[in-house]
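Colleague: Could you walk me through reading a structure, feature by feature? I'm new to this.

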Amino acid sequence: MARRIIALVRHAEYHQLIDAPSALQPFALTDTGIKQAKQSALEMKAFLQKNKWVLDANVHTSSLLRAWQTAKIFIELLQPTVEQQLSIKSVDDLVERSVGAVANLTIQQIEDLIKQDPRYEPLPSNWKSNSQFKLPFIGAESLSEAGERVAKYIMQLAADMQEDFDCVKLLVGHGAAFRHAAYALNVIDLQQVADLSMHHAQPVYLECLEDGSWQHIAGEWKLRSRYGAYQD
């Protein structure tokens, strides 16, 4: 059976709001982010050629601008031939964890809203990074729920892969959602969810095996500080 491989790429650096835990920020890549995406795309092209893996023509990306821009740069540099035109499929299923109605507010603003509303208990000190915690606002989800959403999308892509050659599907999205998706797929354990992040624009390769299980086969996770600020 041909290998079914998913390449997860966290978007490159972007113009991120200060002290805003929402990852639904609609801002573009920085100049540094553009350079990151170009360099990583060229490295991925060489890696695919070395392993004789074929890139699927459809690149799947989060609908947020920074992910779409990163995917567009990858497509421009990965384009294998004139005959095989790569294209972007932009979907909400791959966006980062939503904090719902308080999207793009600062940490202080969110905590003040909680304090001012008598219906809510005080927020736990680790509310931004706690995998199971969900803010009590309309449309909010936990990090684990975001990961399960992304994992479901990944599993469906793998189920639809019927190629008779080793194929790689490229997904461009967000670090926390991809990390929690890897946990949902039993690729990393709960402790690693807290200890790992993803490098900007650098692929992590997961393979779906014949029995439906998943394994990490290439690409480096990033070690993160468990006590640092939350970033997607």
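Predicted model: local features only at pLDDT ≥ 70, side-chain atom pairs only at ≥ 80, totals over all residues.

Colleague: Got it. Which way do the side chains of β7 point?

Modeller: The general idea is that side chains in a regular strand alternate between the two faces of the sheet. Here, Val 204, Leu 206 and Cys 208 point one way from β7, while Tyr 205 and Glu 207 point the other way, and all are buried. In other words, five of the five residues of β7 are buried, and the strand is mostly covered.

Colleague: Which strands pair with β7?

Modeller: Strand β1, residues 4–10, pairs with β7 in the antiparallel sense over five bridges.

Colleague: What lies between β7 and β8?

Modeller: There are five residues between them, and the two strands form a hairpin. Have a look at Gly 212 in the turn: its phi is positive, about 90°.

Colleague: Now the aromatic rings. How many aromatic pairs are there?

Modeller: In general, you describe a pair of aromatic rings by the distance of the centres and the angle of the planes. A search of the whole structure turns up four aromatic pairs. Take Phe 47 and Tyr 205: their ring centres are 5.0 Å apart and their planes are at 35°, so this pair is tilted. Phe 47 lies in helix α1 (residues 31–51) and Tyr 205 in strand β7 (residues 204–208), so the pair ties together parts that are 158 residues apart in sequence.

Colleague: Are those two residues buried or partly exposed?

Modeller: One of each! Phe 47 is partly exposed, at 26% relative accessible area, whereas Tyr 205 is buried, at 3%. Ring pairs also bring in Trp 53, linking Phe 47, Trp 53 and Tyr 205 into a cluster.

The rings of Tyr 120 and Phe 137 give you another geometry: their centres are 5.7 Å apart and their planes are at 70°, so the pair is edge-to-face. Tyr 120 and Phe 137 are 17 residues apart, each in the loop between α3 and α4. Tyr 120 is partly exposed at 21%, and Phe 137 is buried at 16%.

Colleague: What sits over the ring of Tyr 14?

Modeller: That's the charged end of Arg 66, 4.0 Å from the ring centre.

Colleague: And the cysteines: how many disulfides are there?

Modeller: A disulfide is a covalent bond between the sulfur atoms of two cysteines. The count here is zero. Cys 167 is in no disulfide, and the nearest cysteine sulfur, in Cys 208, is 13 Å away. That is too far for a bond. Cys 167 is buried at 1% relative accessibility, and Cys 208 is buried at 8%.

Methods:
Residues numbered from 1 in each chain as written. Heavy atoms only, no water. Phe/Tyr/Trp six-rings, centres within 6.5 Å; stacked < 30°, edge-to-face > 60°. Helix = DSSP H or I, 4+ residues; strand = E, 2+ residues; numbered from the N terminus. Buried < 20%, exposed > 50% of the residue type's maximum accessible area, 1.4 Å probe, protein only. Lys NZ or Arg CZ within 6 Å of the ring centre and 35° of its normal. Disulfide = S-S within 2.5 Å. Pairing = 2+ DSSP bridges.
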